[in-house]
Amino acid sequence: MKPKYWGLLATLLLFLIFIVLSMKFESTTYLYVASVCPILIVPFLPDIRSNQYIKPKGNGAVRLISMENKDSGDTDFLVILFEPGYIKWNGGKLFFNLADNMKDVYVKPDPFAATLTVLKYDLFKHRRKKNWIGISLDQLEQRTKQLSYTTNEVNRLIIRTSDIQELLQTNFKQPASVGQQVGA
């Protein structure tokens with residue numbers, strides 16, 4: 001477990017102990033101490049808003065589109081289309097489900113489209129959800145500081161499919177190779 005979770009468990013346990021002590025001894029002092037404990041709990045609470053999840057719906061606010069190479073038929077790129085302002089760039093992480101991508105969709109050229117390329121170093125897998133891939137928005141935002149447009153103008157993210165496949169394969173193979181190195 002992370003230290004943040006240990007801190008959360010410790011402060012919750014401390015709060016419960018002082019509540020029980022205040023009831024058992026009927027002491028207002030223990031009750032006052034217990035009333036201060038929620039202030040100690042706040043720094044250890046998980047930041048739920050730091051993660052954003054893209055869930056394409058019928059309204060068309062966001063779409064995941066697989067772009068195929070006409071010659072080989074392989075999927076080369078995954079394009080995430082969204083309206084400017086849809087992504088909260090100060091959020092930290094953006095997650096999308098690979099199962100939500102659409103194929104055979106025509107993306108009309110837009111001369112005012114601002115596109116950011118997502119590198120393989122920006123990608124990571126979700127810990128618990130299968131087929132969910134995360135993008136580090138902090139790294140993308142740092143890269144836009146040297147561009148002529150801002151993150152508020154960005155309406156497309158483009159990811160190489162080979163980077164996603166490499167990410168999915170390396171995460172499964174990595175523990176086995178580490179175990180082989182340790183046993184050798």
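A salt bridge is taken here as a side-chain nitrogen of Lys or Arg within 4 Å of a carboxyl oxygen of Asp or Glu. The model is predicted, so local features need pLDDT of at least 70 and side-chain atom pairs count only at pLDDT 80 or more, while totals for chains, interfaces and linings use all residues. Residues are numbered from 1 along each chain as its sequence is written, and side-chain values use heavy atoms, with hydrogens and water left out.

**Salt bridges**

- A search of the whole structure finds two salt bridges.
- In one of them, arginine 143 pairs with aspartate 122, the closest N and O atoms being 2.3 Å apart.
- Arginine 143 belongs to helix α3 (residues 137-144) and aspartate 122 to the loop between β5 and β6, so the pair ties together parts that are 21 residues apart in sequence; helices (H or I, at least four residues) and strands (E, at least two) are DSSP runs, numbered from the N terminus.
- Lysine 120 and glutamate 166 also meet through their side chains in a salt bridge, at 3.3 Å from N to O.
- This pair links distant parts of the chain, 46 residues apart, with lysine 120 in the loop between β5 (115-118) and β6 (123-125) and glutamate 166 in helix α4 (residues 161-183).

**Exposure of the partners**

- Aspartate 122 is buried, at a relative accessible area of 2%, where buried means under 20%, exposed over 50% and partly exposed in between (1.4 Å probe, protein chains only).
- Arginine 143 is partly exposed at 29% relative accessibility, as are lysine 120 at 33% and glutamate 166 at 35%.
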